[in-house]
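Student: I would like to learn how to read a few features of a protein model. Could we go through them one at a time?

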Amino acid sequence: MSTKGTYYITTAIAYTSGKPHIGNVSDPVVADCIARFKRMQGYDVYFQTGTDEHGKKNEQKAKAQGMTPKEFVDGTAALVKEQFDLMNLSYDHFIRTTDDYHVKEVQRIFKKFYDQGDIYKGSYEGLYCDECESFLTESQLVDGKCPDCGRPPRPEKEEAYFFKMSNYAQRLIDHINSHPDFIQPVSRRNEMMNNFLLPGLQDLCVSRTSVKWGVPVDFDPKHAVYVWLDALTNYITGLGYHCEGGSDERFLQYWPAALHVIGKDITRFHTIYWPIFLMALGLPLPKQVFGHPWMLMDGGKMSKSAGNVIYADDLVDVFDVDPIRYFILRELPFESDGNITWDAVNERTNSDLANVLGNLVHRTVSMVNKYFEGKVENCMVTGPEDQDLLAAAAATRDLVAEKMDQLRTADALVEIFNLFKRCNKYIDETTPWALAKDMFKYARLSTVLYNLVDCIAMGASLLFPFMPDTSIAILRQLGAVPLPWEELDKNGNYPNKGGFVTKAPVILFERQEQKDLHALLEKKFSQQAPAPKMEERVQLNREMKGVAQIDVEHFAGVDLRVAKIIDCQPIKRAKKLLKLSLDDGSGIVRTVASGIAPWYKPEELTGHHVIIVSNLKPATLCGVESQGMILAADAGEEVKVIFVDNIPIGSKVR
């Protein structure tokens, strides 16, 4: 168990009305970065995201497309998960509000509120925002429009159940006043207090009779639980909370949440309604709610109807995953809105990733190979430039931690890239190419290159929560291995002493001229086949049997190699996973997390040769960075690992 304690982090669950654009994907990327960083620091992290699937909008869209609501949300939930997984999110649980366990617990929570007098039946007549699926008062409107989405509400009248918000309003005000960091940033806290809490809370409508696609109120079936009460409770139902007692161990371990990461437009629901629901349940409140700003497109809020949206898969297709993660985390400020365009992503990729980072790694690895055949030692021949570089490196860890504690991911990235820039300056100051001309200065040259490898490896390790694939790629090129968090402020012991840098440095990021980008985009979108409509996706799911065929080119893209299991250990937090250390002949130990613990003991695997998928994108499983997959056969009730002990390691399987 972690000595630093638990850290439960969530995103707002995505509404399943359609494919999420890059703005919708930004808060899961922010949450993932924070989750990975906390794991790096030694916290026992549990990261949850998912989809919000009930409500009138989905009911109407399903009807318009000739589908049942469940068929519709099954399709859109899959779209959401595809976009999230594409961005290399390390979540531990993906919840859907149509999951049976969630539905049943929402019904029990609703009944508990009713039985204890927090909910009463009445009728609603007033203003309703269809886009946000929320009821509004005249005082909440901004220029006659919804304060969250900016659309005009419409009159609505129906029988409904109401939650007595006034029972807990003063208690919430006192909590916010006594916990100044509860709502971040401060501007969101001031907005909630001045615009909603201090003027006086109206009782909240928590059921609908005009909506059929929702969680039924079991003691009054013509009512469906209002979507926001349904959605907000996912943060505890996903942990196994039971309001009647006997909650799962996971809930007892991780609640209260350390952080809810949400978009600023739903701050009111998460900092007023959600805390009051928790008070009514007798549960502690989350420690912090971060209402991060929007990612705008050309200065305006992204809207499918306006046609100003960019999707994550299109961006990744052009730039790859880590440059998009970098852009989101670098360009989404703490408080004000960010802005994304194709040109802006390209400029950041060229300037920061290709010029600063990629060039630094490439020329460092090249020089180590050119002058020392891939390996350098610290000969302790120092110059005046060394102290400044090493001091900057030693300070970076705590500077990054300080910014991350403040939820300022952009500022944390600036600190990491300041170290990379300082490394580039160090090269200019020490001029290794000039030192190499004098054989009597080779000890100094070795020290300079050692310092470079050391500091770049430190920066690359700190970069892991932001750009996981890039971090691993850099460390592999440097022949370095990640060190524990406690040692990331030390110098002189980071590189893998027994290893070498890679013989042929790999270009991490390619520069792309603006005109070439525009030509590529024109070709991409002119040739891009339209995505299948939702009804077509549903029909495909109904009809598809077995596994889809692939062609030879797709199969050839899978790199299968023979590797030896040199060590095997259980993973404490995962009963089904084993941590395998593999020698694939490359000279670098590869770590793989494999779900074979129910069928194999570690000693039954160590020493055997297996087949691995070596070019699988790394993924973090229960805190372990898994860098591939081993092949095994599903033999019904058991799994059989495919052993190939008579084949040399490194052999390619064709």
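Student: Is M380 buried or exposed?

Tutor: Bear in mind that this is a predicted model. A residue counts as exposed when its relative accessible area is over 50%. M380 has 60% relative accessibility, so M380 is exposed.

Student: Where is M380, and what is its phi near?

Tutor: M380 sits in the loop between α13 (342-372) and α14. The general idea comes next: most residues other than glycine have a negative phi. M380 is not a glycine, yet its phi is positive, near 60°.

Student: Which residue follows α3 with a positive phi?

Tutor: That is N88, with phi near 60°. N88 is not a glycine either. N88 belongs to the loop between α3 (69-86) and β4 (93-96).

Student: Is N88 buried or exposed?

Tutor: The cut-off for buried is under 20% relative accessible area. N88 has 10%, so N88 is buried.

Student: Which residues of α3 are buried?

Tutor: The buried residues in α3 include F72, V73, L79, V80 and F84. G75, T76, A77 and Q83 in α3 are buried too.

Student: What about the bond from W255 to P256, cis or trans?

Tutor: The bond from W255 to P256 is cis, and its omega is near 5°. P256 is in the loop between α9 (249-254) and β12 (259-263).

Student: How do I read the packing of α14 against α15?

Tutor: Start with the angle between the two helix axes. For α14 (residues 384-405) and α15 (residues 409-430) the angle is about 170°, and the axes are 8 Å apart. Angles over 145 degrees count as roughly antiparallel, and α14 and α15 are therefore roughly antiparallel to each other. The contact residues divide into 11 nonpolar, 3 polar and 8 charged.

Student: Which residues take part in that contact?

Tutor: Among them are L389, A392, T396 and L399 in α14, and I416, L419, C423 and Y426 in α15.

Student: At what angle do α12 and α13 cross?

Tutor: The axes of α12 (residues 321-331) and α13 cross at roughly 95° and come within 10 Å. That makes α12 roughly perpendicular to α13. By class, their contact has 7 nonpolar, 1 polar and 4 charged residues. Residues in the contact include I324 and F327 in α12, with V345 and L353 in α13.

Student: How many disulfides does the structure hold?

Tutor: A disulfide is a covalent bond between the sulfur atoms of two cysteines. The structure holds 0 disulfides. Take C205 as a case: the closest cysteine sulfur is in C129, 14 Å from the sulfur of C205, which is too far for a bond.

Student: Are C205 and C33 buried or exposed?

Tutor: C205 has 3% relative accessibility, so C205 counts as buried. C33, at 0%, counts as buried as well.

Technical notes: Residues are numbered from 1 along each chain as its sequence is written. This is a predicted model: local features need pLDDT of at least 70, side-chain atom pairs count only at pLDDT 80 or more; totals for chains, interfaces and linings use all residues. Side-chain values use heavy atoms; hydrogens and water are left out. Axes are lines fitted to C-alpha atoms, for helices over the stretch in contact, and angles run from 0 to 180 degrees between N-to-C directions. Helices (H or I, at least four residues) and strands (E, at least two) are DSSP runs, numbered from the N terminus. Angles under 35 degrees count as roughly parallel, over 145 as roughly antiparallel, 65 to 115 as roughly perpendicular and the rest as oblique. Contact means heavy atoms within 4.5 Å. Ala, Val, Leu, Ile, Met, Phe, Trp, Tyr, Cys and Pro count as nonpolar, Asp, Glu, Lys and Arg as charged, and the others, Gly among them, as polar. A disulfide is a pair of cysteine sulfur atoms within 2.5 Å. Buried means under 20% relative accessible area, exposed over 50%, partly exposed in between (1.4 Å probe, protein chains only).
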